[in-house]
Amino acid sequence: MTTDTEQLRLAADFAPASEADWRKLVDGVLKGAAFEKLVGRTYDGLKIQPIYPRAKDAAPVAGRAPAAAWQIMQRVDHPDAAKANAQALLDLENGATGLTLVFAGANAAHGFGLPATADALARALDGVHLDAAIAIELQASNATATALLADYVKQRGVKPGACDIRFGLDPIGDAASRGASSHDQSKLAGSAVDLVKQLQNEGFKGPFFAADGRVVHDAGGSEAQELAFVLASAVAYLRALEASGVALETARDLISARLAADTDQFLTLAKFRSLRRLWARIEQACGLTPKPLFISGETAWRMLTRRDPYVNMLRATIATFAAGLGGANAVTVLPHTAALGLPDTFARRVARNTQLVLLEESNLARVADPAAGAGGIEALTSELCTTAWALFQDIENAGGVVAALQSGLIQSKVAAVKQARDANIAKRRDVLTGASEFPNLNEAEVAVEAVAPSAPPPAPKAALTFAPLTPIRLADAFEKLRDRSDALLKSKGQRPQVFLANLGTAADYTARATFARSFFEAGGIAAIDGQGGADPAALAEAYRASGAAIVCLCSSDKVYADAAVPAAKALQAAGARHIYLAGRGGEQEAALREAGIGSFVFAGGDALKTLEDAYTHLE
């Protein structure tokens, strides 16, 4: 039995370990390789060390109230208002604490959304208690929905001040995603100020403006770029409000922020923490005492896959975990089938329950800022703040966010990151499970609602145009190859095929045959396994019997040294249109190419280009 002053230490009998002790062990494992090999880098160029000491004297980042759960938001985006209402009521009855009303044409509508009419709004909210949190997403040029919701609240006899409504006005983000605005540069940020002041005078407490980083994230941008865009947009709204006579002390409460949450758990967590620190710096520059900004998180659109969509459940769980621990005030989970169409009841339930399990069973909200003091997270947070602040200053020096969009400054920086990201995806360095790695060519079809996409409201004549920040999905290029395979299956009754010419024993070829199968099937090319063996004639006969047009040799480097050249010659004589070899050519490459090897497939190679080229050989 211990006294109150005694401590039980699990490692009490061991000498304390130092970083030098750890480094000595690591150097032994590296066997002369550079330590830098263990250091990762983000798309902002931030270094991620393999180990960090505890961050001393770290203080929690002020966010949600202590032990307060974040709001569980559920999208209401069915074009049929009656069906949208049924979904909303079911969501609220089963754990959702708020609704996000997505109107057709909104930035993140993804093809669906409510009509912006009084009848549709009244029908969608029929029976919904207006004490639930409500957020709006709409096309900036169609602010009708904002006024309609305000009128509906008053018609229901509810005091505006008693409602928790985030009106989501974001003319800057809307223009950035479309590349156009009906307002010129001088009026874009302030285009909704009169509406905000009207709503405020009616008693609504807001926030009204939303500085939305998803615009940058959806377009392939980095974490620091997303943060800088949010800061620049929020500052533009602050200036517009101040110019219209609203005191800064009041104006800051009229603004909220939105961030995307993705599968990079630590970076997402650090990003949410960073925004709070950065906003506090803005407030201090305005002469204000900092107070927590309301931050909404949404699981990222760009990470969703249409192939093996059940993996999206795991992606959403990681993203929600990170956003919740990062201090998000509200979280929306995109259902796992969102990239395929309008999600059905099951997909919506999974999205909702993802948050419920993390809150009610894992108790993630019980500790305020649990990452405080963790060396790695604290370092990432500080480095993200520094990098994002520098990018924000670049935007400000360009004349502000609207001028930076018009000059292409923001778009060019995002495009550079997207290009680097695309290269890593093509080489499968950034793994997309179910799409670029571990594909399943026999996956069952997943159900979505049989609803045609909504027609967005017509855009007014543009007074300002520039290059848009267009939303992407990271898996799109690989999925297009899978679509091509599906089309061939439908038209010809068979997918394109590759014969895996396995050389030697199973111990020789299994590793590379497994790699080759995953490699080719990521592009929709079905792999046919050979039986193994070293006889070139038997290998050629097995290839002919398979009916495949292309072939890939699979074995160890040791076996290749003796058997690859005669095997390749036999396969070429048997009519192979193109011969691949799983592995690098090395010193043998010239001889292998002379023998008929056309391409080498290996980890780190451009898988996407190789697979695209494969279709030219197949045709």
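At what angle do helix H10 and H13 pack, and how far apart are their axes? Helix H10 (residues 265-285) packs against H13 at about 55 degrees, with the axes 8 Å apart. This is a predicted model: local features need pLDDT of at least 70, side-chain atom pairs count only at pLDDT 80 or more, and totals for chains, interfaces and linings use all residues. Residues are numbered from 1 along each chain as its sequence is written, and side-chain values use heavy atoms, with hydrogens and water left out.

**Terms**

- Helices (H or I, at least four residues) and strands (E, at least two) are DSSP runs, numbered from the N terminus.
- Axes are lines fitted to C-alpha atoms, for helices over the stretch in contact, and angles run from 0 to 180 degrees between N-to-C directions.
- Contact means heavy atoms within 4.5 Å.

**H10 against H13**

- The angle of about 55 degrees makes H10 oblique to H13 (under 35 degrees is roughly parallel, over 145 roughly antiparallel, 65 to 115 roughly perpendicular, the rest oblique).
- On the H10 side, the contact includes Phe-266, Leu-269, Arg-273, Arg-277 and Ile-282.
- On the H13 side, the contact includes Ile-377, Glu-378, Leu-384, Trp-389 and Phe-392.
- The residues of this contact divide into 13 nonpolar, three polar and five charged (Ala, Val, Leu, Ile, Met, Phe, Trp, Tyr, Cys and Pro count as nonpolar, Asp, Glu, Lys and Arg as charged, the others, Gly among them, as polar).

**H18 against H19**

- The axes of H18 (residues 536-546) and H19 (residues 557-573) come within 8 Å and cross at roughly 40 degrees.
- H18 is therefore oblique to H19.
- The crossing of H18 and H19 is right-handed.
- H18 contributes Pro-536, Leu-539, Ala-540 and Tyr-543, which meet Pro-566, Ala-567, Ala-570 and Leu-571 of H19.
- By class, this contact of H18 with H19 has eight nonpolar, no polar and no charged residues.

**The two sides of H18**

- Which residues of H18 are buried? They are Leu-539, Ala-540, Tyr-543 and Ser-546 (buried is under 20% relative accessible area, exposed over 50%, partly exposed in between, with a 1.4 Å probe and protein chains only).
- Seen down the axis of H18, these buried residues fall within an arc of 120 degrees, so they line one face of the helix. The arc is that of the directions from the helix axis to the C-beta atoms.
- The face turned away from the buried side of H18 carries the exposed residues Ala-537 and Ala-545.
- Cover for the buried residues of H18 includes strand S13 (497-502), strand S14 (526-529), strand S15 (550-554) and H19.

**H5 against H8**

- The axes of H5 (residues 171-178) and H8 (residues 223-243) come within 9 Å and cross at roughly 130 degrees.
- That angle makes H5 oblique to H8.
- Pro-171, Ile-172, Gly-173 and Ala-176 of H5 meet Phe-229, Ser-233, Ala-236 and Tyr-237 of H8.
- The contact of H5 with H8 has six nonpolar, two polar and no charged residues.

**Backbone points to check**

- Most residues other than glycine have a negative phi, and most peptide bonds are trans.
- The peptide bond from Gly-206 to Pro-207 is cis, with omega near 10 degrees. Pro-207 sits in the loop between helix H6 (193-201) and strand S8 (209-212).
- His-110 is not a glycine, yet has a positive phi of about 55 degrees. His-110 lies in the loop between strand S4 (98-102) and helix H3 (118-124), and is partly exposed at 22% relative accessibility.
- Asp-369 is not a glycine either, and its phi is positive at about 45 degrees. Asp-369 is in the loop between helix H12 (345-361) and helix H13 (375-397), and is buried at 11% relative accessible area.

- Val-39 is in the loop between helix H1 (19-30) and strand S1 (40-41). Val-39 is buried, at 13%.
- Beyond four places in sequence, Val-39 is in contact with Lys-47, Ile-48, Gln-49 and Pro-50.
- Gln-49 lies in the loop between strand S2 (47-48) and strand S3 (71-76). Gln-49 is partly exposed, at 30%.
- Not counting residues up to four places away, Gln-49 touches Phe-35 and Val-39.

Technical notes: Left-handed = near helix turned anticlockwise from the far one by under 90°.
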